[in-house]
Structures are given as structure tokens and as C-alpha cells.
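These are my notebook entries on a two-chain structure. I set down what I looked up, in the order in which I looked.

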Amino acid sequence: MKRLKSKTLKKEERRLSSKNMSKLSIHKLTICVVFQILFVFFITAEVFAAGEQKRVKKHHWSFAGIFGHYDDAQLQRGFQVYREVCSSCHSMNYVYYRNLAEEGGPGFTVEEVKVIASEDMIMDGPDEYGEMFERPGKPSDIFVSPYANQNEARASNGGAYPPDFSVLAKARSTLRGFPWWFIDLFTGYQEQGVDYIYALLNGYSEPPTEFNLQSGMHYNEYYPGKQIGMGQPLYDESVEYADGTIASVEQMAEDVSAFMMWAAEPKLEMRKRMGFKVAIFLFVLAGLLYYSKKKIWARIEH
Amino acid sequence: MSKESTYIPKSGLSKWFDQRLPLQRMMHDNINAFPTPRNLNYWYTFGGILTFCLVTQIVTGIVLAMHYTADANLAFASVEHIMRNVNYGWLIRYIHAVGASMFFLAVYVHIFRGLYYGSYKAPREVLWILGVVIYLLMVITAFMGYVLPWGQMSFWGATVITNLFSVIPVVGTTITEWLWGGFAVDNATLKRFFSLHYLMPFMIFGVVILHIWSLHVTGNNNPVGVSVKEKQDTVPFAPYYTVKDAFSLVCFLILFAWFIFFNPNILGHTDNYIMADPLVTPAHIVPEWYLLPFYAILRAIPSKLGGVLVMGGAIAILFILPWLDTSKVRSATFRPLYKQFYWIFLVNCIALGYLGSQNPEGLFLVASRICTAYYFIHFLLVLPILGLVEKPKPIPESITKAVLEKIEIKNIKERRAEA
């Protein structure tokens, strides 16, 4: 033991002496240089890539963040916009009327949902005579679709297929770029899709003079390629809100985007609430295990 | 390392069983009493974490299979059905989807830990090779699992990868069509991928048992890389490493839970929420993040056949790694040069991952080629040469001495800080 002590002492002293320190910093320098070259390279690459498409700004949403939850009034307004404007072209094939009354949703009552559903006519059948028939909707029905099939939808929209809204808020994204895509991992930013939809709905404008817009297309600086088949869907006061909110384009865009986020992620509130409980449980368990580990390992030198 | 059993059956029933099927004895010797080096750090807890990941994937996967429909017309809708209508279906699916990423995160830590401490060197070559087999099976399983939701990335990812087989001379097209079960990626492909995706985790489980068996024959490597010499070099696995592994696992679960509950979709591609459409090609076809380095290598090579061969080579080279590294010293702690090249290699792999996510053009393509070349240079030139030219630092006589020395240094530092 004594010999070992003196040896290690000497070794440690040697390590701390200036001669070895300079050697050590050279090692660190090499690594730093490698990292720096890569970093500069990535940044330049990002700048090159950024030119193509307009960056979408982060918008404030009530459902963002760890304690995020939907704003019932906003979802109801968004549903109204969907129903009165969007639903003439866009289906929602995975959403049921009953979902509107479910927890963590727009907060309609079961009675209200029955009325909402009954306002739509649903194709049902075949009946006992083999005939298809129309009947008023029930809460257990899927949102009525504007077109019988994809081909009809395309035929009615100049060949472009209006995408289904059910999961669209999760099926769209924005170009975040370095280092944001990495930072996003740990900030919980999950609203890229809904930010994009909001930006797109507000993104219609006259094309710049030099821009070559194809016939039947519309200029939107947020759409990839900046030409979109869908004409501007929202104008001021396209709908008249039941709660008296002024129906500006921004307001309607925000409301319908939030509604689409709910449609895509109806269990979001439940998920975030459960996540918080799970996190507390895990932190406490980790603490208990840490001290157990410390106690057990105190039995030996380590 | 004592191979003698220390199990003493206590009850009459235990004795009766011990003479017929010594299951309790096996568990006791391999878990409770298994002598483990006393100096393992937290990087060594990822084996346990990986076992947890595998079991989690199997359990959640079995439940998902109860609700999922493997049919090209119904698969996408059945996944949404799980997300919306199945009780806690969203939770089970997010655990499974995030779990795949976490599994790979853990396996990469586990592999790079092995690379740092030289865990692939004699006598652990077979242990290492079994590990590479597990990794390869994981890659195939994850790839097929990603196809199942039948989104755009599922479909086009499957198309790109299965098309790679068509470069095989003469029989390429036949093999590809045989894999597809038709003339394109379609319903038949989805169905067989589902079947195989269900099968392969159990194959992984089997190889994991061999992996652990081999580990328990050679014993653990450890951060100083010196073999166990005396009894005081080791501690029994329980309770020392059960509690350490458990603490580490729970810390890992905090990260896991973060992604499940607060960021479940960020590790996947948004295009996979668009139903597969053979007529619309996505702007960028990219695999999941954990396969990006290989994708970068594939696209760095100008010829298709070459790309496939080099990409295959990137995994194949891991099988012969134990014989490429000529140094007898295991741990990078005592290899001043290898240590630096190790970090450069790690950065190179991360860079390949980033490049895999970008379009292979301009600067990106040049960088991919440099990084791909360096990946192979590391294994084929750096490792063999380093062993010959490097002068290792003095190696501790034993694990115990190394541990005591470390404590001594810590004490000296504390004394210095006080002074």
C-alpha cells in the first residue's frame, strides 16, 4: 500500500506539472479543431439550404408545452370554420362526431353532438331491399365526406386532391435547420405542423412580378414551390362566430389550425397529464435508487 | 473467475428441483452470485437497459398486433384506430415507436462503450460478434417495423431498400420480386414484413441469450481492461450491479418518458402520417435517424452496386474488428493515440448521420465521401497501425489496485483543493 501511495502521488504530480499540461491541451485542441470545422461546415450548409422556402415562425398555442391543453372555445370556433369552409373539399375520415363530446376535445355536450351529427346526411345501406339510402348522422358516424372517393375529389379540384384533415397537423412540418432540430428534441416543440398550416392560411399574396405562376395555381410563399392548387380559403368574416369573436383571417386560421391539431392528436391532454405524473414517479424512484445504490456501494471501496 | 456453483438449496422442494432441473441454481449463479468486476462505470449499465428495451418492444408489439391490420388498404387506418379508439392505444403505440429509437440509442452507447474499452478483444471475440449479429437483426426488424404503418416513408423506404437487392448480378431482379411477392412493393410485401417483424424479435431474444452466455463464460471487461485476477477484483452481481443497473435504467426511462409523453413524433418523419401512395414520391426519402449513417454511406458511392457493397461492408467490417485491432491493450484509458482516434471516429459517425439526412449534392456529397472513406480508414488503417506504433501508458497490475489508486488520486486532489 505504501509503495502504491508514493507511486500514485508522483504520478499525479507529474500529471499536474506544466510539461504534461501542454501535451494535454494539444489533445483537446485537436478535438476542438475537428468540432469547429464540422460546425462551420454545417452552418454554411444550412445557409445554402435556407434559401428555398420561407421559414415558418413559431406561433403561441395553448396546447404547446408540458402543461399544454386545448382551448375549448377555440376548438369550437375551429370546428365551425372547418364545417362552414373547409369541409366543402376536405374530409376527416378518422374523426367521429362522438369525438366532439369526448374529454380533451372541443367540449360539446352529448346532446349538442347529436344535433350536429343529425345536420349531416350520411349514405348508409344496403337496406333489406338491397338499396342504399340517406339518413341523418349519428354520433357514432364518421364525419361526412365531401366526395364519394378520391377520383371525384380530384375531378372537382382540377386534378389536385384536397388532403384529408384527420392527421394533417402531424403530417406537415417546417424546415427547422441546424441547430434547431437538435434543440427541439429537448424543448418539446411539437407544433411544427400546426405552425405551418397557420402560416400557409395567412400566406396568400400577389405573386412577385417576375414569378411565373401557372394557370389555376395560387401564390403562397409558405407552400413548397410557392404554387398551391388551393385558392385562398379564408377571407375576413367568412364565418360568423357564435361567441362574437371577430372573424379575421388570422383568427379563423388560428382556430381551424388548433382544431386540426386536436383532430390529429385527440389524446394530447391525457398524454401530457399522464406524462407529468410518470415523470414525478420516475424522479422519486430514481432518487430512492440513487441513495440505495450509494448505501450498498459504501460497503466496498470504489 | 470461479466456475463452481455457490448455490445451496434451502427448502425440500428446491432440493427436489435442483436434482431434476437446476433452474434456481442457474439463476443464482448467473444473476445473484455472478462475480462482476468492481470498477464498472455507468456506461456498463446499458446491457441491462437494452434487455429492458427488447422486452418492452416485444410486450407492446404483441398488444399492437392484436389491433393492427396488415393489409395495404387498412393498415394506415388501423394505426389511427389504435391511436384513437383503442384504450390507451396511443400510449402503447408511442412506447413502441419511441422505444425503437431508444433501443438504438442504447445499442449505440453499448457499442461505442465496447469500442472505447476494447471489449471486442480476446477472449471476447465471440461475445462481440454475437453483439453485431443482434445489431444486424435489430436493423432489419426496425426497418420492417417502420414499413407497417404504411405511410409515405414506410412505402418509399421499403421501395428504396428492397430495390437494393436488384443490383445483384443475374439474379437481382428475381430476388427482389421474390422479396416483394409481386412486381412492386404492395400488399404481399406488407403482409410478409409484418410476419417477419413479429418473428425477428424472438430471434434477437435467442441471440441475446447466447450473448449473455458468452459474457458469463469470459466475464465482464472493465474500464481498465485488466482481466479479473483475484476474488477482491469482483463483487457479486446482486446487490451491487442490480441496484446500479436499476438506477441507470430509471434515469434512461426519464428520457424515454420525455419522448413518449412530450415529444412522441419528433423522432419520426412527418410524411409517415400521409397514407402510402405509389404515385406520389416524397421530396426526400430518408430512413429513421438511427440508420442515417448507413444511408449516407450508400449514397456516397457513385455506383449503385458499389454503394450497396460498401454499405454492407460498413457492418461486415465490425465482424472482423477483433482481428483488425492489433493492440493488446484493451482500454483506451491507457492508449493515448487510440483515444483521440476513437473520438474522431465517433464524430465521423455522427457527421455521417447528419449527411444521411441531407440531399447528396454539392458540399454534402463531398463530405459524405470523405466521412465514408474515413469510416473504413479507421478500421483498415488506423487500428492495425496504431497497435504497432503506439506506446501504451503503464497498465495497473489489477482491478483492485486501479480502484485504490483512483481513490488515492481523488484524496490528493481534495487535499490540494483544501490547501
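**Entry 1: helix α11 of chain B**

I began with helix α11 (residues 292-300) of chain B in this predicted model. Of its 9 residues, 8 are buried, so the helix is largely enclosed by the rest of the structure. I counted a residue as buried if 20 or more other C-beta atoms lie within 10 Å of its own, as exposed if 12 or fewer do, and as partly exposed in between, with C-beta atoms placed from the backbone. The buried residues of α11(B) are B:Leu292, B:Pro293, B:Tyr295, B:Ala296, B:Ile297, B:Leu298, B:Arg299 and B:Ala300. I then looked up what covers them, and found that the cover includes α12 (304-319), α14 (336-356) and α15 (362-389) of chain B. Helices (H or I, at least four residues) and strands (E, at least two) are DSSP runs, numbered from the N terminus.

Conventions I noted: residues are numbered from 1 along each chain as its sequence is written, and chains are lettered from A and ligands numbered from 1 in the order in which they are written. Because the model is predicted, local features need pLDDT of at least 70 and side-chain atom pairs count only at pLDDT 80 or more, while totals for chains, interfaces and linings use all residues.

**Entry 2: α5 and α10 of chain B**

How do the axes of α5 (residues 89-116) and α10 (residues 237-262) of chain B cross, and within what distance do they come? They come within 9 Å and cross at roughly 135 degrees; axes are lines fitted to C-alpha atoms, for helices over the stretch in contact, and angles run from 0 to 180 degrees between N-to-C directions. The two helices are therefore oblique to each other (under 35 degrees is roughly parallel, over 145 roughly antiparallel, 65 to 115 roughly perpendicular, and the rest oblique). On the α5(B) side I found B:Tyr94, B:Ile95, B:Val98 and B:Met102 in the contact, and on the α10(B) side B:Phe256, B:Phe259 and B:Ile260. Two residues are in contact if their C-beta atoms, placed from the backbone, lie within 7 Å. By class, this contact has 7 nonpolar, no polar and no charged residues. Ala, Val, Leu, Ile, Met, Phe, Trp, Tyr, Cys and Pro count as nonpolar, Asp, Glu, Lys and Arg as charged, and the others, Gly among them, as polar.

**Entry 3: chain B against chain A**

The contact between the chains takes 45 residues from chain B and 49 residues from chain A. On the side of chain B, two or more residues each come from α4 (75-84), α10, α14, α15 and α16 (399-418). The largest share, 13 residues, comes from α10(B). I recorded 32 nonpolar, 5 polar and 8 charged residues on this side.

**Entry 4: the domains of chain B**

The domain assignment gives domain 1 (34-287) and domain 2 (292-330 + 336-391) of chain B; such bounds come from an automatic or database assignment. Their C-alpha centres lie 22 Å apart. I found 19 residues of domain 1 in contact with 17 residues of domain 2. On the domain 1 side, α5 and α6 (125-147) of chain B give two or more residues, and the largest share, 5 residues, comes from α6(B).

**Entry 5: B:Ile168**

B:Ile168 lies in the loop between α7 (152-163) and α8 (172-180) of chain B. I noted 14 other C-beta atoms within 10 Å of this residue, so B:Ile168 is partly exposed. Its C-alpha atom is separated by 7.3 Å from that of B:Leu305, 137 residues apart along the chain.
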